[in-house]
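Hi,

Here is the structure I promised to pass on.

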Amino acid sequence: MPLSDLTRSRGGKIPIDDQIVRITSRLVVPFIQVYGIYVILNGHLSPGGSFSGGAIFGASLVLLALSFNLEAGARQIPHHAASLLESGGALGYALTGLVGVFVGSSYLANRIAGFPMGQPGELFSAGAILVITVFVGIKVASTIVTLFYYIIEGEK
Amino acid sequence: MGVSEHFPALIVVIFFITAFISPLLYRWGRKFSAALVIVTIAAALGMTVSLLVTVQQAGTVFYHMGGWPPPWGIEFKADPLRLFMLLVVISVSLWIFIFALRDLQHELKKRVIGWYYTLYSILVGSMAGIVLTNDLFNLFVLMEICAISACAIISIKEDRECLEASFKYLILSAMGTGCFLLGVVMLYMATGYLNYSFLHLELAEAFNYYPRNIFTAAALFIVAFGTKAALFPLHVWLPDAHASAPSPSSAMLSGVVIKIYAFALFLMFYEVFPRTLLEAIPLNEIILWLAALGTLFGSIFAMLQSDLKKMLAFSSIGQIAYIFMGIGLNHESALVGGFYHIMVHAVTKAMLFMAAGVIIYSTGVRDIKKLAGIGRVLPITMIAFTIGSASMVGIPGTGGLISKWFLAISALEIGRPVFVIVILASSLLNAIYYMPIVINAFMQQEDFKKDIKPVPRVMLACLVIGMIFIVISGFYTTPVVTLLEQALALYF
């Protein structure tokens, strides 16, 4: 693929017109995102978790927006999608808690509510904790993106 | 068994669920978003009432989050006193929200109204949590949520004054929460517990080994809750924040939010700290004298104001001090007075801010001097303002008298007549700044000059409900006083 294709401007004004920044961030962003997902999914096993992972994932989208331009970044995760994910993530947490109420134990119940526990130390274990971690990860990532756009738009 | 068993958790959780549905609904089904909030608050009110009935029959209810028993898990506790607080918080919130429906369209930009619903639900939910929780760290988290959403419903108006005021509020209340967290750390260091009931038992013994930790924690708690509830020398953030906010936010903040922290301090004193600690250092005495100064200085500051909402805000500093006085006097009937005042002042101050909101909505006037003759163009509003003022002063026939009566009686009973004088003096001071507004509004010969916008009926209906409640609470006091006496008997 010719270099000009990689760095092609995608309409609108270009905040940073620098090929090195663009190509580097293009190369790096997938790795950052995979790492973010890894940190989120391993929240119940290792240090880090939904907040740190979500922040890493969100930062990758902010990096895209900064190194290309705002429209290109916004296309990755549009405004209404971000707010949908944001509310949805938090809502998911609250509703996961309600499962406990529906099966008749108590709010935010985990094992007693019948969530599969799995083998301790494996990826799919710890029942509701994993589910909640994923929801909070989504919430944090989309919040970081939303905050970034609100600040950028506030300057105009 | 059944869903009613989960009410303590659900009362808090449904607000957060609504909060996160609201922005989505505001985008895709705007018609229903206000209705959703109203239904949520009404449902919470229903659950509170049902829980109160259960608690009165079967005694205090405990709820363990996730099925983890304390001291490991978070515990919610529903006893009569907390449910009384909850009833006040939720019903006043419902009432203010109905008022807000019309007022917000005038005060806020259209695109942020959906966010206001979100913030409002979060605020009410976090206050319900603060009331119900029986765990210090959970209290800390909920206080943070409450503080941030309270700041946000001020700054949502997006003018210079609001942003400045809410920033000031944010910084000072963050310092308050910081102090609180440090105090929690001190107690955790000494005992290893965060649950109120466990702390209460353990602190009695730990007090012999770690007196310094526990003294520091007590001092930090007084500063933390004093800042948050605007106890006299720590009140500096309140006037700007409450005066510049949109009127429903002012009503909410002055009417309900500051009292939640007074209640939290009460819980620290009566449920966390052991009796021996309160006897060893004069904590109650400190609160009492700060409260006495607060009742006087709040009124004196209020007299100097020319802005209507700022005057009401300063008056809140004087009024919250009565509640602290109830805690400081450390006597059962003083606490009945204090809690009665929580209820009466929540309604009265919210109604006064609503009346101020109606005046601003309809005429745009905020200056007290320009209100002359306004009683003839906005009669219902100014009658509401008159009744609210009467309750603030403590004129017989209004709820304000009852709470002051209980405070004064108990001050006499424990042989501290000086506080009766303080209460009388502050009532007179209240009269000095409330009554001229009322007299000018009705008696002034000159006509009110400005153009007026017709006031929506919903807003007037809210004012009428407030008036009726204030008058009823002045005459028919038995049910609430009996409830409070039963509830407080558990602490003595």
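Starting with chain A, the elements run α-α-α-α-α-α along the sequence, which makes a count of 6 helices and 0 strands. Helices here are DSSP runs of H or I with at least four residues, strands are E runs of at least two, and both are numbered from the N terminus.

Before you go further: this is a predicted model, so local features need pLDDT of at least 70 and side-chain atom pairs count only at pLDDT 80 or more, while totals for chains, interfaces and linings use all residues. Residues are numbered from 1 along each chain as its sequence is written, with chains lettered from A and ligands numbered from 1 in the order in which they are written.

Chain A has 156 residues, and 34% of them are buried. Buried means 20 or more other C-beta atoms within 10 Å of the residue's own, exposed means 12 or fewer, and partly exposed is in between, with C-beta atoms placed from the backbone. Of the contacts in chain A with a separation of 6 or more, 62% are between residues 24 or more positions apart. A contact is two C-beta atoms, placed from the backbone, within 7 Å.

On the interface, 18 residues of chain A are in contact with 16 residues of chain B. The chain A side of it is made up of 9 nonpolar, 9 polar and no charged residues. For those classes, Ala, Val, Leu, Ile, Met, Phe, Trp, Tyr, Cys and Pro are nonpolar, Asp, Glu, Lys and Arg are charged, and the others, Gly among them, are polar.

Now chain B. How do α6(B) and α8(B) cross? Helix α6 (residues 160-191) and helix α8 (residues 211-229) have axes that come within 8 Å and cross at roughly 155 degrees. The axes are lines fitted to C-alpha atoms, for helices over the stretch in contact, and angles run from 0 to 180 degrees between N-to-C directions. That makes the pair roughly antiparallel (under 35 degrees is roughly parallel, over 145 roughly antiparallel, 65 to 115 roughly perpendicular and the rest oblique). The residues of this contact divide into 15 nonpolar, 7 polar and 1 charged.

L220(B) sits in helix α8 and counts as buried, with 21 C-beta neighbours inside 10 Å. Leaving out residues up to four places away in sequence, L220(B) touches C179(B), F180(B), L182(B) and G183(B). Its C-alpha is 8.8 Å from that of L181(B), 39 residues away in sequence.

- A230(B) is not a glycine, yet has a positive phi of about 60 degrees.
- P70(B) and P71(B) are joined by a cis peptide bond, with omega about 5 degrees.

Finally, what about α13(B), buried or exposed? 22 of its 22 residues are buried, so α13(B) is largely enclosed by the rest of the structure.

Cheers
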